[in-house]
Amino acid sequence: MDTILELRDVQKHFRRPDGVVQAMDGVSLRIGAGEFVAVQGPSGSGKTTLLMAAGVLMQPDSGVVVIAGEEPYKLSAEQRAGFRAAHIGFVFQQFHLVHYLNVLDNVLTAALALPADDAEERARGLIERFGLASRAGHVPSELSIGERQRAALARALLNRPKLLLADEPTGNLDEENGRLVLDCLAGFAKDGGAVLLVTHDPKAAGFSHRALRMENGKLAAG
Amino acid sequence: MNIGRLIICEILFRKLSFALGVLSVFAAVGCLVGALASLREHDRRTEQIIAAKQAETQEKMELLADDYRRITLKLGFNVLILPKDQKLGDLFADDYATKYMPEEYATRLAKSRVATINHILPSLQQKVKWPETGRTILLMGVRGEVYMRGAGQKPLLEPVQAGKIVLGAELHQGLKLKVGDTTRLMGREFTVAKLNEERGTKDDITAWINLAEAQAMLGKEGQINGILALDCTCADARLPLIRAEIEKILPDTQVIEFASQAIARAETRNRAAAEAEAAIEREKQGRSLLRSEREAFAAVLMPLVVLGCAVWIGFLALANVRERRGEIGVLRALGVRARQILWLFLGRAVAMGVAGACLGYAAGQAAIAGAEFNVLLLAAVIAGAPLLAALASWIPALLAAQQDPADILRQE
Ligand SMILES: Nc1ncnc2c1ncn2[C@@H]1O[C@H](COP(=O)(O)OP(=O)(O)O)[C@@H](O)[C@H]1O
Ligand SMILES: [Mg+2]
């Protein structure tokens, strides 16, 4: 099984007025192609920090991050952006759709970083797959919460990433929509992608192949 | 999908914020175009006013010149050129010169183009008895003007054709002669060509006939005894000057002044002209003072307006960047480059500048009635306003591009 994401002894601390917070404390993790890993843990345990470090958005203090055989933190800032576009898809709790763009254009924002002739065709395919075909011309404020998260999922998948990172994707969803999203993540893994899901929702772990637990910046088997 | 489409969609979504930016560019460009157009309009008005004044002056001068011509004709001529040996005492006692010179002198004078003289009229004049009527008259042989400057010059006295006679008032009244009547003078027959009005001078007892005929009748072939010369160049052309010039060309002549009123008139005319010139000059100065005041006002107003506009756009851009933090964060996470984010905001500023420039130009033009379309100015504002807007948005755009996506995404 090819390793898609590997973290070795990653440290990350933050300085705050009330002292130093060790958000990641010697985190090591390996996720292979086709694997769906869920990390559970209470709020403030460092899950989002882990996700940012894995997502090439936050340079760790120490340790190694390898994604698809490359060490992205050794690249320049520009190259790192390109690397994210090519390899990583993000799904957030707050969806982070662009308010003024309709569903199709929102999905296509992923193509801003990685232009391709067939981007629109793929975007329409994803929209269809997520049952949003009739909503393609609507802006986020006109969508239901579930539709918004599916649009965000479509955007995350547009560039055919190897790694999908999801931060509390079900946090704002009802059970049915939450299940839909988790099914989709599982489907992505089944198709050969690697999924890292961080959540404090115990039910979400049920969809994963492997559940880990995070506490005070330390990762342990669930 | 590209940054341009993103910019357009965002502008359409946040119309008010964009419109506020456009409005400030519009105001600045409108002020600039209006100020420039009003200065141009000022110049145009000045030209009009000055041209009108000049036309008015010209007209007055022409009227004066007309008067001058008419009066000069009635008075006689400015200088009289006589043979050198002519005693002036005899001239005044006899009413005519008793010495003679060749008629060719007149031609010579004309050919030498004396600058101070405009008209040359040779004559042969003698007091004679009109044997057929028993009267004493002044017989004047004239050949009309010897032209100096070609056909454009209007002759001052029409020459009297051979066989024709022009009579002074005293003569035609006393003899009861009409135009077309025939009369005999020293054995020759003449047809009355013209009757002069009473002038109260010796002209009243003068009979004008053709010069050649007079020369034959008086036995003075090829001879004249006076050249009337009219100076109308200007009041500065004083007698000594004229005299010196003429005596250089015709050494055995003398020049005496004649009818100095004409010169006085010319002086008046010149003074009037100078006065009119001065009035125009004063008007010009007044207008130019007004212009420099307007210019100074614009010079103070414009930088203020431009600065105000830039600050306003800068604040709007900053507000826009703050409002779009989440969007910036997610776009950066998706791999959009910092440079693209910079352009996302600069492009918006440029669009604001172009829209404001077009509207502002149109409004500025419309506000000043009769302002001409100026492609150069339009091009300048269409290039300048977006540049200004982009510069004003530069710092906010840079802030947007440098924002840390991890920070944003964690907080939002
Ligand atoms: N940029 C930051 N500056 C300061 N403290 C931070 C920053 N990011 C995270 N933290 C702190 O690190 C700890 C872990 O945060 P986070 O990874 O967001 O936890 P979780 O996602 O599990 O709730 C928290 O105590 C949080 O306050
Ligand atoms: Mg979190």
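What share of the contacts in chain A with a separation of 6 or more comes from residues 24 or more positions apart?

Author: This is a predicted model: local features need pLDDT of at least 70, side-chain atom pairs count only at pLDDT 80 or more, and totals for chains, interfaces and linings use all residues. Residues are numbered from 1 along each chain as its sequence is written, chains are lettered from A and ligands numbered from 1 in the order in which they are written, and side-chain values use heavy atoms, without hydrogens and water.

The share in chain A is 71%. A contact means heavy atoms within 4.5 Å. For chain B, the corresponding figure is 79%.

Now the chains. Chain A holds seven helices and nine strands. Chain B holds 13 helices and 11 strands. Both kinds of element are DSSP runs, numbered from the N terminus (helices: H or I, at least four residues; strands: E, at least two). Chain A has 222 residues, and 55% of them are buried. Chain B has 412, with 45% buried. Buried means under 20% relative accessible area, exposed over 50%, and partly exposed in between (1.4 Å probe, protein chains only).

Surface next. Chain A exposes about 9300 Å², 46% of it from carbon and sulfur atoms. Chain B exposes about 20500 Å², and carbon and sulfur supply 59%. These areas come from the Shrake-Rupley method with a 1.4 Å probe; for residues, only the protein chains shown count as cover.

Then the rings. Over all chains there are three aromatic pairs. Rings of Phe, Tyr and Trp (its six-membered ring) pair if their centres lie within 6.5 Å; planes under 30 degrees apart are stacked, over 60 edge-to-face, the rest tilted. One of the pairs is A:F90 with A:F92: the centres are 5.7 Å apart and the planes meet at 5 degrees, so this pair is stacked. Both A:F90 and A:F92 are buried.

Another pair joins B:Y361 and B:F373 edge-to-face, 6.1 Å centre to centre, with 90 degrees between planes. B:Y361 belongs to helix α10 (residues 338–367) of chain B, and B:F373 lies 12 residues away in the loop between α10 and α11 (375–392), so the pair links distant parts of the chain. B:Y361 counts as buried because its relative accessibility is 4%. B:F373 is exposed, at 56%.

The charged end of B:K220 sits over B:Y100, 4.3 Å from the ring centre. That term requires NZ of Lys or CZ of Arg within 6 Å of the ring centre and within 35 degrees of the ring normal.
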